[in-house]
Amino acid sequence: MGEQTQPHHHLPESSTTTQPPVIDTPSLPPTQNPTSSKLPFRPKKTRKLSAVTSSENPNDKSLESTTSTTSDAAAATSNKKSKIVVQKVIRVLPKITARALSCKGEVELALRHLSSVDSNLDRLIKLHKPPVFDSFQPPFLALSKSILYQQLAYKAGTSIYTRFVSLCGGESLVLPEAVLSFTPNQLRQIGISARKSSYLHDLANKYRNGILSDSSIVNMDDKSLFTMLTMVKGIGPWSVHMFMIFSLHRPDVLPVGDVGIRKGVQLLYGLDELPRPSQMENLCEKWRPYRSVASWYMWRFAEAQGASATAAAIVPVDESATPLQQLHQEQQPSFPQQQPSFPQQQIIDPATNIANHGLWRSVWDPL
C-alpha cells in the first residue's frame, strides 16, 4: 500500500493542474475511470448541468423542455402580476341612487348635486325657489287627463276635462271600466273628438287586458315604462316624460324634445342655436341622476327669458301621423294667435315633442 501512494504524492506539477483531485470536487463527474460503478447516475447529472449552463448540444431536448417550462412559469407569473396591477388602478366611483322627488329631503339632495356639478346651473338655482313635487293622481286618471288636453288651449281643455270627470261621477271614478262603458258618441257629446275617444278606449283596454295597471306603472323602471306607455295610442314621448316627472316624481327624466328645456339649455350655455334633441343627452349628462329637477329650472329660465315667443313660432306636430307627415307639419308656416302671458293658453299638443313647453304648467303643475 505504501508503494502505491508514494508515486501519487510525487506527481509532476503539470499533471496536477490538468486533473483536479476527486476528493476536492465530489459533485463533479470525474475525468478518469469512465467504467466506474457510479456511471449510471452521473450522466444524468452531467446532462442536467449542461442543459442549464450550456447550449452547445442543439439536439439535447432536456434544454428545450427546461427552458420552455421556465418561460411558461415566467409568463404566468408576469400575467398574474399584470392582472394585479390592473385591479389596483381600477377606481370604482360611488353611484348616486336617487329616490322619488316627493321623498323627504330628496329635492335638497338634488339641488346640492346639481350645484356641485354645474356652476351655470348653480347660479340659476340661487335665483329661484326650489320645486315642489307633492301632487299625486292615480296613473290612469293622469294619463286620461293628458289625452284630453291634447291640441287644446288651457281653458278649452279644462272645460272638457271637467265635463269628462262629471260624466264618470268624480275623479275617483275615472276608471278603465267607466271609460269603456261610454260610446264614442257619448264622449263626443261632451266635446271629446272621435280620435281622442279612441285614445281613451285604447288606454282603458290595455288596463282591462292586464298590459298596464296603476301598480305596474308605479313599479316599472324608467326605460320599461317609457316603452309600455308609448304603445298607447295618442301618448307620445313628451306626454310620458311629463307624466313621469309630475305624476310619478321620477328624478332622472330629461324631455329632450321639449322646446322650453332646449331653449333653457341654449341660454344656460350660450349656444348659438337651439340644441337638437339628439344633442341634449350629451349636454345634460352631468345632471344625472337629477335631470328632472334640472329640467324644471330650464323651464323657469326659458320663461324668464321670454321663450314663449320662440315656442309660438313652432307648429304643433301630431305624433299619430307618419314621420313624413310630421316633417311636413313642422315646415308649415305658423299663424299668429292670441297669446296671453306665457304659458297658459298656448295651443299645443302634450303628446308631441314640439311646441309643448307651456302645457306642463297648466296640466301637470298648475300654479
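A polar contact is a pair of N or O atoms within 3.5 Å; within protein, one atom must be able to donate a hydrogen and the other to accept it. The points below concern a predicted model.

1. Lys 196 and its polar contact. The side chain of Lys 196 reaches the backbone oxygen of Leu 148 at 3.0 Å, and this distance falls within the 3.5 Å limit for a polar contact. Lys 196 belongs to helix H11, which spans residues 194-208. With a relative accessible area of 8%, Lys 196 is buried, because buried means under 20%. Setting aside neighbours within four places in sequence, Lys 196 is in contact with Ile 147, Leu 148, Tyr 149, Gln 150 and Leu 152.

2. Overall composition. The chain has 20 helices and 0 strands. Of its 367 residues, 38% are buried. Among contacts with a separation of 6 or more, 65% are accounted for by residues 24 or more positions apart.

3. The nonpolar core. In soluble globular proteins, nonpolar side chains tend to be buried together. Here, the largest nonpolar core comprises 65 residues. Which residues have the most contacts inside this core? They are Leu 121, Phe 164, Ile 217 and Trp 287. Trp 287, leaving aside neighbours within four places in sequence, is in contact with residues including His 113, Leu 114, Asp 118 and Leu 121. Its contacts also include Leu 254, Val 265, Leu 268, Tyr 269, Ala 294 and Met 298.

4. Tyr 149 and Tyr 154. The structure holds 6 aromatic pairs. In one of them, the rings of Tyr 149 and Tyr 154 have centres 6.4 Å apart and planes at 25°, so this pair is stacked. The angle qualifies because planes under 30 degrees apart count as stacked. Tyr 149 is buried, at 3% relative accessibility, whereas Tyr 154 is partly exposed, at 26%. Tyr 149 is also among the residues in contact with Lys 196.

5. Phe 246 and Trp 299. The ring centres of Phe 246 and Trp 299 lie 5.7 Å apart and the ring planes are at 35°, so the pair is tilted. This pair links distant parts of the chain: Phe 246 is in helix H14 (residues 237-246) and Trp 299 in helix H17 (residues 291-304), 53 residues apart. Phe 246 is buried at 5% relative accessibility, and Trp 299 is buried at 1%. Together with Phe 133, Phe 246 and Trp 299 form one aromatic cluster.

6. A charge over a ring. Lys 145 lies over the face of Tyr 161, at 5.1 Å from the ring centre.

7. Helix H15 and its ends. Helix H15 covers residues 259-269 and is mostly covered, with 9 of its 11 residues buried. Those buried in H15 include Val 259, Ile 261, Val 265 and Leu 268, and also Arg 262, Lys 263 and Gln 266. At the N-terminal end, Asp 258 caps H15: a side-chain oxygen lies 2.8 Å from the backbone nitrogen of Gly 260. Just after H15, Gly 270 takes a positive phi of about 65°.

8. Is Val 256 buried or exposed? At 19% relative accessibility, Val 256 counts as buried, because the cut-off is under 20%. Val 256 is found in the loop between H14 and H15. The C-alpha atoms of Val 256 and His 241 are separated by 9.2 Å, and the two residues are 15 residues apart along the chain. Leaving aside neighbours within four places in sequence, Val 256 is in contact with His 241, Arg 262, Pro 277, Met 280 and Glu 281.

9. Ser 295 in helix H17. Ser 295 has its place in helix H17 and counts as buried, at 0% relative accessibility. Which residues are in contact with Ser 295, leaving aside its neighbours within four places in sequence? They are Val 253, Leu 254, Pro 255 and Ile 261. Ile 261 is one of the buried residues of H15, and Leu 254 is also in contact with Trp 287.

10. Cysteines. A disulfide is a covalent bond between the sulfur atoms of two cysteines. The structure holds 0 disulfides. Cys 103 is partly exposed, with a relative accessible area of 29%, whereas Cys 168 is buried, with a relative accessible area of 9%.

Terms used:
Residues are numbered from 1 along each chain as its sequence is written. This is a predicted model: local features need pLDDT of at least 70, side-chain atom pairs count only at pLDDT 80 or more; totals for chains, interfaces and linings use all residues. Side-chain values use heavy atoms; hydrogens and water are left out. A nonpolar core is a set of buried Ala, Val, Leu, Ile, Met, Phe, Trp, Tyr and Cys residues joined through side-chain atoms within 4.5 Å. Buried means under 20% relative accessible area, exposed over 50%, partly exposed in between (1.4 Å probe, protein chains only). Contact means heavy atoms within 4.5 Å. A disulfide is a pair of cysteine sulfur atoms within 2.5 Å. Rings of Phe, Tyr and Trp (its six-membered ring) pair if their centres lie within 6.5 Å; planes under 30 degrees apart count as stacked, over 60 as edge-to-face and the rest as tilted. Helices (H or I, at least four residues) and strands (E, at least two) are DSSP runs, numbered from the N terminus. A charge sits over a ring if NZ of Lys or CZ of Arg is within 6 Å of the ring centre and within 35 degrees of the ring normal.
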